[in-house]
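Subject: Structure for your files

Dear colleague,

Here is the structure I said I would pass on. My notes on it follow below.

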Amino acid sequence: MAGLTINMQTSEADKRSRILDGAVKVFLAYGYQRTTMDDIARAAGMSRPALYLQFRNKTDIYRAIATMMLDLSAEVAQAALGGPGDLSDRLIAAIDDCMFAMVEKFAGSPHGADILDMKGSLAGDIVASWTERLGGMIAREIEKEAVRLGTDLKARDLGPGMLASLLLDGLEGIKMRIEDPAEQRRSVRGLVRVVSLALQP
C-alpha cells in the first residue's frame, strides 16, 4: 500500500511538472493573455479535464511557475552566498545567478518581458516572500562579514537588514532604469562595492 501511495504521488508530481513545462512554452509563444487552458493541456500532452484536476485556472498555473522559479533562484543564491571568495564576489555571484540568469531565460521570447512584468499583479505575494527570503540570506552574510571585520554597524546607524534592503531596492531601481544587461551588471558591481565600503572598519 505504501508503494502505491508513493507511485501515485510521483505520478501527480510528474503531471504537474509536465503542465508547468508546457505552460512556460505556450506563455512564451503566445503571451499570457492569449494562452488558453486548451493550449496548456495540448502542450502538456493531456486532456483539458485532466488539466483541471491539477489547476483551477491559468492564474494558478502562473503562480505555480513563479513559485517554482523563485524557489530555485533562492536555492541558487544561497549556494552562491555560501561559496568561496570575499563578500563582494559572493553577492555579485548570487545576484547574477538568481536574478540575471532567470531574466535571461525569458529574454529570447517576444513575450518574455510581459510575462515577467505580470508577476507583480498575479504573484505579488510570492515575489514579496521571495524578496524577504533573499534579503534574510544577504543580511546574514553581511552580519557575518561585519563580525569578521570587527565593524560596529550600529555605531554608523546601519544594520545588516538595512544594508540588505538597500541592496535589493537598488537592484530594483537598476532593473527599471537600465535596459542593457551589461550596463545593469556594471551598476550592480558598483552597488555591491558601496555596501562593501559600509562594512569596512
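Phe27 is buried, with a relative accessible area of 2%; here buried means under 20% relative accessible area, exposed over 50% and partly exposed in between, with a 1.4 Å probe and protein chains only. Please keep in mind that this is a predicted model, in which local features need pLDDT of at least 70 and side-chain atom pairs count only at pLDDT 80 or more, while totals for chains, interfaces and linings use all residues. Residues are numbered from 1 along each chain as its sequence is written, and side-chain values use heavy atoms, with hydrogens and water left out.

Rings of Phe, Tyr and Trp (its six-membered ring) are taken as a pair if their centres lie within 6.5 Å; planes under 30 degrees apart count as stacked, over 60 as edge-to-face, and the rest as tilted. The count by this rule is three aromatic pairs. One of them is Phe27 with Tyr62, a tilted pair at 6.4 Å centre to centre with 50 degrees between the planes. Phe27 lies in helix α1 (residues 2-30) and Tyr62 in helix α4 (residues 58-81), so this pair ties together parts that are 35 residues apart in sequence. Tyr62 is buried too, at a relative accessible area of 6%.

Tyr62 also pairs with Tyr32, edge-to-face, at 5.6 Å centre to centre and 80 degrees between the planes. This pair links distant parts of the chain, 30 residues apart: Tyr32 is in the loop between α1 and α2 (37-44), and Tyr62 is in helix α4. Phe27, Tyr32 and Tyr62 form one aromatic cluster.

Two rings have a charge over the face (NZ of Lys or CZ of Arg within 6 Å of the ring centre and within 35 degrees of the ring normal). Lys58 lies over Tyr32, at 4.5 Å from the ring centre, and Arg185 over Phe100, at 4.6 Å.

**Helix α2**

Asp39 lies in helix α2 and is buried, with a relative accessible area of 12%. Its side chain reaches the backbone nitrogen of Thr36 at 2.9 Å. Leaving aside residues up to four places away in sequence, Asp39 touches Val26, Tyr30 and Arg34, where contact means heavy atoms within 4.5 Å. Met37, Ile40, Ala41 and Ala44 are among the other buried residues of α2. Just after this helix, Gly45 takes a positive phi of about 70 degrees.

The protein chain has nine helices and zero strands, taken as DSSP runs numbered from the N terminus (helices H or I, at least four residues; strands E, at least two). Of its 201 residues, 41% count as buried. Of the contacts with a separation of 6 or more, 68% are between residues 24 or more positions apart. The C-alpha trace spans about 65 × 45 × 25 Å along its principal axes.

Regards

Definitions and conventions
Polar contact = N/O pair within 3.5 Å; in protein donor to acceptor, adjacent residues only side chain to side chain.
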